[in-house]
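These notes are for a colleague opening this structure for the first time. They are set out as numbered points, each on one part of the model.

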Amino acid sequence: MKQYLYIEMDNCIGCRSCLAACTQCGGHDQRNRNYVYDVNPLVDRQTIPLMCLHCVNPACARSCPAQAIQITAEGAVLSALVEKCIGCQNCTIACPYGIPKFDEAQNLMYKCDLCYDRTKEGIPPMCASVCPTNTLQWVTEDELSMKKEQHRLGKWMSSREPFDPLEGETNVKISLPGILQGKQKLF
Amino acid sequence: MDRAFASKFAKMMFLTISGLFILMFIGSRFFTHIDMALYGYMVGTFVFIAGFFYRFIAWAERPPAKLILTKGLKLLLRRSTPQTTAEHLVTYQFIWHRGWYRWTQHVLLGWGCILSALVTFPLVFGWMYFTMDENGYYTVVGFGLDLMKIQADGILAFLFFNALNITAFMVIGGVCMALYRRLKDMQARAEQSFVYDFLPLYLLLFISLTGLLLTFNNIFLHGFGHPVVTVIHQWSVIITLIYLPFGKLAHIPFRPMSVLARNYREHYGEQAMKACKVCGTGFVSEEQSKDVIAVLKQNDIEFQMKEGFHLAELCLPCRRKYRMSRFAGVATHQVKVKEANQNAKG
């Protein structure tokens, strides 16, 4: 059964649990691969988590000269294969969201791999399993379509129109903050 | 000249095989010292070369690979090339930074294989052989020239004749370390597959074990079974050679690309840095930013924003903040505040 990482942006309280949990994933080497950003830092405390959105047509992989970035059958865009990555950093320049990180000493790119050791078994990724406010959720297709239904199908999701918050289709699904929806949202 | 050949592949194959043939002719003193027992390896090498060119040319045609390859080759004579080459291809310094275990494993595997190749192929092509003019002394002949005289029971001779035994132990050690890591490491366990990750290790292990078995047969069984084991060993080496360009082991011939990539980054970084279209900090060379935009365009990916910039023209923090603005409608990237702490260690 295909499951998705789903981001309910409204809910984020900026606790950074997702960053801490990311460091604990197998193979992540104690370093986090995701971000939490202040939306309007001098005005309010709204934060939004940002992680690899696992594009269906990932620019990072398309720009990699060494074919080091593999895409799994489930749609997860994996971190660079260590034996293939040649350290050119094309992927960091190509990614529309600025996600891949680069370790100069190891000459290696590393990025969110959707905790592939967990998600391929249907276990939520580290970030989603610790999120205290349900900002990050690991949902089934049915649950996703229910959420879409709640949001009046597509209007406030990452659909192309009228707002187009993403560059192309992604395997991570998002729900935009309520500010854009023009109404209060309860979680 | 190009019209003489049906394809790039045909041209490269013809030139390489001809070159190898000429080198064999000179190196083996006009074909007088070809070891016919190693004939199978020679044919295997020719097939390997065909496979390698097929794979390499197909791969080098991809837009990003082509860019780094052509630009990197032009910069090959940079002053930093010898040092970069040594760090990337000899000492594996970058793997050291990934951990001592992986470095040790890789040195054993990598240098075990490279040294084995350096011993095997000169023997196969007749570039190196031993003659005995004087009783008790071997003359080492390299490329038709008498290089040195060594005592037949001396330490040098021991190392020469046992070189492949020593490298076999290195490879076995490396394979064992790699297998242990693949059984224990959680990320490796999640991503690995039998054919991609384990098969090359088992092939190397099989080659090393059958190679050692040859020595065992000679010393302890007075040569019993040697003719059979030598064919099995030869078969395993040839299979591995032919498979090499198509699986995980392809990273061996492709690895020099990392030197080209480093040169490319260093050279164009010195020329001009690209200033982020939002905050103005230089984050990558102008050339690379331009190249990535071109490569993405060839893949039908356009990240041209209505604000007037391409996303590859923003530094990474600004690109992430710009995404916030697309999510929330607040121009986060225009707020002149350093990004908040993104380090989970607090």
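1. Helices α2(B) and α11(B) are roughly parallel to each other, because their axes cross at roughly 10 degrees and angles under 35 degrees count as roughly parallel. The two axes come within 8 Å, and α11 covers residues 226-243 of chain B. All of this describes a predicted model.

2. Which residues make this contact? On the α2(B) side they are B:G40, B:Y41, B:G44, B:T45, B:V47 and B:F48. On the α11(B) side they are B:H233, B:Q234, B:V237, B:I238, B:L241 and B:I242. Sorted by class, the contact of α2(B) with α11(B) holds seven nonpolar and five polar residues, with no charged ones.

3. The largest nonpolar core has 60 residues. Those with the most contacts inside this core are A:I69 and A:M109 from chain A, together with B:F56, B:L109, B:F125, B:V175 and B:M257 from chain B. Helix α2 of chain B, residues 39-60, supplies the largest share of the core, 10 residues. Another core, of 37 residues, lies apart from this one, and its members include A:C12, A:C55, A:Y97 and A:L114. As a general matter, nonpolar side chains in soluble globular proteins tend to be buried together.

4. A:I69 can be looked at by itself. What does A:I69 touch, not counting residues up to four places away in sequence? The list is A:C60, A:A61, A:C64, A:V77, A:L78, A:C91 and A:M109.

5. From α13(B) the residues in contact are B:Y264, B:R265 and B:Y268, and from α14(B) they are B:E287, B:Q288 and B:D291. By class, the contact of α13(B) with α14(B) has two nonpolar residues, one polar and three charged.

6. Helix α4 of chain B spans residues 81-90, and its buried residues are B:T81, B:T84, B:E87 and B:H88. Seen down the axis of α4(B), these buried residues fall within an arc of 140 degrees, so they line one face of the helix. An α-helix has 3.6 residues a turn, so residues three or four places apart point the same way. B:P82 and B:Q83, on the other side of α4(B), are exposed. The cover over the buried residues of α4(B) includes α5 (93-96) and α13 of chain B. After α4(B) comes B:Y92, with a positive phi near 50 degrees.

7. B:N217 sits in helix α10 of chain B, residues 194-220. Is B:N217 buried or exposed? B:N217 is buried, with a relative accessible area of 4%. Leaving out residues up to four places away in sequence, B:N217 touches B:H222, B:G223, B:F224, B:G225, B:H226 and B:V229. B:N217 and B:V229 are 12 residues apart in sequence, and their C-alpha atoms are 8.7 Å apart.

8. Chain A contains seven helices and seven strands. Along the sequence they follow the pattern β-α-β-β-α-α-β-β-α-α-β-α-β-α. Chain A has 187 residues, of which 64% count as buried. Among its contacts between residues at least 6 apart in sequence, 60% join residues at least 24 apart.

9. Two residues of chain A deserve a look for their backbone angles. Most residues other than glycine have a negative phi. A:N107 is not a glycine, yet its phi is positive, about 55 degrees. A:N107 lies in the loop between β4 (101-103) and β5 (108-110) of chain A, and at 2% relative accessibility it counts as buried. A:L114 also is not a glycine, and its phi is positive, near 55 degrees. The place of A:L114 is the loop between β5 and α4 of chain A; A:L114 is buried, with a relative accessible area of 12%.

10. A:I123 is found in the loop between α4 (116-119) and α5 (126-130) of chain A. With a relative accessible area of 38%, A:I123 is partly exposed. Apart from neighbours within four places in sequence, A:I123 is in contact with A:R118 and A:W138. A:I123 and A:W138 are 15 residues apart along the chain, and their C-alpha atoms are separated by 8.4 Å.

Conventions
Residues are numbered from 1 along each chain as its sequence is written. Chains are lettered from A and ligands numbered from 1 in the order in which they are written. This is a predicted model: local features need pLDDT of at least 70, side-chain atom pairs count only at pLDDT 80 or more; totals for chains, interfaces and linings use all residues. Side-chain values use heavy atoms; hydrogens and water are left out. A nonpolar core is a set of buried Ala, Val, Leu, Ile, Met, Phe, Trp, Tyr and Cys residues joined through side-chain atoms within 4.5 Å. Buried means under 20% relative accessible area, exposed over 50%, partly exposed in between (1.4 Å probe, protein chains only). Helices (H or I, at least four residues) and strands (E, at least two) are DSSP runs, numbered from the N terminus. Contact means heavy atoms within 4.5 Å. Ala, Val, Leu, Ile, Met, Phe, Trp, Tyr, Cys and Pro count as nonpolar, Asp, Glu, Lys and Arg as charged, and the others, Gly among them, as polar. The arc is that of the directions from the helix axis to the C-beta atoms. Axes are lines fitted to C-alpha atoms, for helices over the stretch in contact, and angles run from 0 to 180 degrees between N-to-C directions. Angles under 35 degrees count as roughly parallel, over 145 as roughly antiparallel, 65 to 115 as roughly perpendicular and the rest as oblique.
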